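User: I am new to reading models like this one. Please take me through the main features, with the general idea ahead of each case.

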Amino acid sequence: MELELLPLFLTSVAAVLIGSANAVTKTWNKDVNFYNADNWDRKRLPCSSDSAIIAEESTSLFLQVNGTLKELILPMTGEIVLGNDVTVAFSDVPDKSCDGQDIIFIRKEPEPWLNPFNWDSDLPVPIPSDQVPCAFDNILFPPKKRFYVGIDNVVHASTISVGGEVLSTLQAASFLHSPDGQSQFDISAEASVSLSGLPCGDVTGCECGNTKEQVLNKICGYVRPCLEVSCPYPVNPVGACCPLCGAYLSLSYDEGTFRFDNIRARLQKNYNIGSGRRMKRETENVVVDLYMSKTDPGKVQVVLTDNGPGAENGLLASQVAKQISEDIENDPSAFGLLSSVVAASSPLTGDHGGFKMGAPTVVIVVVLVGVILVVSILYVMFKKQRLPLPMSFMARKDEPLDADIEMPNIKYIEEVQPPEVTFDNPMYGKPIQYDDPTKDSNESDSSVEDIGSIGEEDGGFTNPMAISTQ
């Protein structure tokens, strides 16, 4: 290690020692080790009777322990890194415990950083956004292993340890651009790694940073399609990619009085959740897990799940969530909270909604229901009177409104019968005259009698519907 890097290294180590009590460490669980069964097509380790084949375009692989093979077939281009004092022996003597087959090394592509299944952590509830390293986590790439990691995003973390050494931001940048680092970390042009060396310093908690739409969509792409769940009303907490059985509480807090660690400790104490963040119901073998995180400024989320069987999965977690919610609502200031909302996969109060609303939401819903009820009553009332719905009300005299309802400025309309109009048809009873097709159309038709004009004195009539021109 170069001398100018030593102060940075010591600073990082000191930060880890001081702040690691509440920090979360997430460990990369993939490698390119030769003796790892997951790296071979037959899902077992090569034996002394096997022909081990390293295919073209395979990653750099690490032979970490001594071994014996029948033969080792290498690609035209590739790399095998041997551990300290490691040797490879070859033998034609059959191994009775191994039939001897061709076995192919299958690691060719880098494993994505944002794949939550590539990380191990102590999170009791699998929230994918938080399974991937968060902004103030410690990242561990275990010693005695080599890796092939693909990074296509901006990485923020507290510390990163590779091969047993904690790296500062400067050291990490130097390592990642070295030949050794480039053979293990495939970093896109848009990606970067930034290390603070410090744990979360906010007493209200720190956001993970992985719930932004672009990042979360990538994370969920490795989780979906989702598996079916057995509970009636699965919930979707912030950071989850798939519905789950259980419950979650969304808590709004007072910046001045809320303390993240205090409420977490209180939940653990009140509901018998120990250091392992687990609670066991004595009467049944059902375990409830609780995970608490900050999701947005001013908000934290508490997620509860359990291992109940079948349709009962999530039932106990929902009951615990209800108890927590009632405790908070009885004395929110004791928690430093302003409001709480709980969603559960099992009904909380005997209903089938699987959802319980906070006080502000209840008020809004009650007002909306009241408005809809009033409008509905008015609509039915006016429809019954067969009148339109303008604000100036009118009613028929023979169908009065309800006596209990006072309607100002009501006008009654008298029914008016239209006058009876009749007339005599002067053409009624006259013989019908037909044109002779043999006559010229220009000749006068003497068969047509000129009756002249018809006046009232001749038995005619005046059209009452005619428009007068005078």
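Analyst: On a 1 Å grid over the protein atoms alone, a cavity is a set of points where a 1.4 Å probe fits but cannot get out; a pocket is an open set with protein on both sides within 12 Å along at least five of seven lines; lining residues have an atom within 4 Å of a point. Grid points are joined across faces, edges and corners, and a volume is the space filled by probe spheres set on the points. This is a predicted model, where local features need pLDDT of at least 70, side-chain atom pairs count only at pLDDT 80 or more, and totals for chains, interfaces and linings use all residues. Residues are numbered from 1 along each chain as its sequence is written, and side-chain values use heavy atoms, without hydrogens or water.

User: How many cavities of 30 Å³ or more does the search find?

Analyst: The whole structure has four. The largest cavity has a volume of about 70 Å³. Its lining has 13 residues; closest to the centre are Asp130, Cys208, Thr211, Lys294 and Thr295. Strand E20 gives the most to this lining, with three residues. Helices (H or I, at least four residues) and strands (E, at least two) are DSSP runs, numbered from the N terminus.

User: Which residue classes make up the lining of the largest cavity?

Analyst: Ala, Val, Leu, Ile, Met, Phe, Trp, Tyr, Cys and Pro count as nonpolar, Asp, Glu, Lys and Arg as charged, and the others, Gly among them, as polar. The largest cavity has three nonpolar, seven polar and three charged lining residues. The second largest cavity, of about 60 Å³, has four nonpolar, one polar and five charged. Its lining includes Trp28, Arg107 and Tyr148.

User: What is the volume of the second largest pocket?

Analyst: That pocket holds about 470 Å³ of space. Among its 23 lining residues, Pro126, Val229, Cys242, Pro243 and Leu244 are the closest to its centre. Helix H2 (128-131), strand E20 (287-296) and strand E21 (299-306) each give two or more residues. By class, the lining has 15 nonpolar, four polar and four charged residues.

User: Is glutamine 131 buried or exposed?

Analyst: Buried means under 20% relative accessible area, exposed over 50%, partly exposed in between (1.4 Å probe, protein chains only). Glutamine 131 is at 17%, so it counts as buried. This residue is found in helix H2. A contact means heavy atoms within 4.5 Å. Beyond four places in sequence, glutamine 131 touches Lys26, Pro116, Trp119, Leu123 and Pro126.

User: How many disulfides are found?

Analyst: A disulfide is a pair of cysteine sulfur atoms within 2.5 Å. The search finds six. One joins cysteine 134 to cysteine 208, S to S 2.0 Å. The torsion about its S-S bond is about -85 degrees, so the link is left-handed. Cysteine 134 sits in the loop between H2 and strand E11 (138-141), and cysteine 208 in the loop between E17 and H5, so the pair ties together parts 74 residues apart in sequence. Both cysteine 134 and cysteine 208 are buried.

User: Where does pLDDT stay under 50?

Analyst: pLDDT is the predictor's confidence in each residue, from 0 to 100. The score stays under 50 over residues 1-22 and over residues 389-397. The chain averages 79, and 69% of the residues score at least 70.
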